[in-house]
Amino acid sequence: FKSKTIINTINPHSYAVAKYDNQFKSSLTNSNYLMPDGVGFVLAAFILKQKIIKRITGYDIHKYFLNLANKKSLKVFYFGSSIDTLENIKEKNTKRFPKLDAMYYSPPFKKVFLESDNMLFKKIINEFSPDILFVGMTAPKQEKWVYENYKSINCKVFISIGAVFDFYSNKIKRPHIFFQKL
């Protein structure tokens, strides 16, 4: 990625929320890549446009970029979730990805961050200067936060993947592969 890139996912729930939340809608429509994370979009593409598209989950995106970062010795930053979840992710990454240079930060849980909060977050992220920023604060908060702040963050790739933090850390178990495909 030669310029700043925002990657988001969309599912039927996010689509429904974006119809009533213009800020969220702008965050999604201004993504460089908006990936179909839900069978609803796969079916809609086929029924409405006779196009076959593949579902790409946030978990798959995370896995892809972690492997890339490890292979190319890139820096990743995990922003969001709880300290406990981030500790589990850190432990897992240390074992699985020895070349990965990663930092983990759990912001305080607030419905809306103050500008002073955002200034602190951006300072912490910019000091680490990651290649990839994983943001896990649940939709639509994470997408809005990225879109509002990405221009002043020294990073190339911004990926909003909320629930992936919980799945990857084993805090929440992913459904069996049969149900994922179903």
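Five salt bridges are counted in this predicted model, a salt bridge being a side-chain nitrogen of Lys or Arg within 4 Å of a carboxyl oxygen of Asp or Glu. The model is predicted, so local features need pLDDT of at least 70 and side-chain atom pairs count only at pLDDT 80 or more, while totals for chains, interfaces and linings use all residues. Residues are numbered from 1 along each chain as its sequence is written, and side-chain values use heavy atoms, with hydrogens and water left out.

One of the salt bridges joins Arg-55 to Asp-37, with the closest N and O atoms 4.0 Å apart. This pair links distant parts of the chain, 18 residues apart. Arg-55 lies in the loop between helix H3 (39-49) and helix H4 (58-72). Asp-37 lies in the loop between strand S2 (33-36) and H3. Helices (H or I, at least four residues) and strands (E, at least two) are DSSP runs, numbered from the N terminus. Asp-37 is buried at 18% relative accessibility, whereas Arg-55 is partly exposed at 27%. Buried means under 20% relative accessible area, exposed over 50%, and partly exposed in between (1.4 Å probe, protein chains only).

Two further salt bridges lie within helices. In helix H5 (residues 83-96), Glu-91 and Lys-95 are four residues apart, about one turn of the helix. Their closest N and O atoms are 3.5 Å apart. Glu-91 is partly exposed at 47%; Lys-95 is exposed at 66%. In helix H6 (residues 115-128), Lys-123 and Glu-127 are also four residues apart. Their N to O distance is 2.9 Å. Glu-127 is exposed at 58%, and Lys-123 is partly exposed at 49%.

Aromatic pairs number 13. Rings of Phe, Tyr and Trp (its six-membered ring) pair if their centres lie within 6.5 Å; planes under 30 degrees apart count as stacked, over 60 as edge-to-face and the rest as tilted. Tyr-78 and Phe-134 have ring centres 5.1 Å apart and planes at 40°, so this pair is tilted. Tyr-78 is in strand S3 (residues 75-80) and Phe-134 in strand S5 (residues 132-136), 56 residues apart. Both residues are buried. Phe-79 and Tyr-105 have centres 6.1 Å apart and planes at 5°, so they are stacked. Phe-79 is buried, at 0% relative accessible area. One aromatic cluster contains Phe-79, Tyr-105, Phe-113, Phe-121 and Trp-145.

Charges also sit over rings. Lys-75 lies over the face of Phe-128, 4.4 Å from the ring centre. The charged end of Lys-92 is over the ring of Tyr-168, at 4.6 Å from its centre. The rule requires NZ of Lys or CZ of Arg within 6 Å of the ring centre and within 35 degrees of the ring normal.
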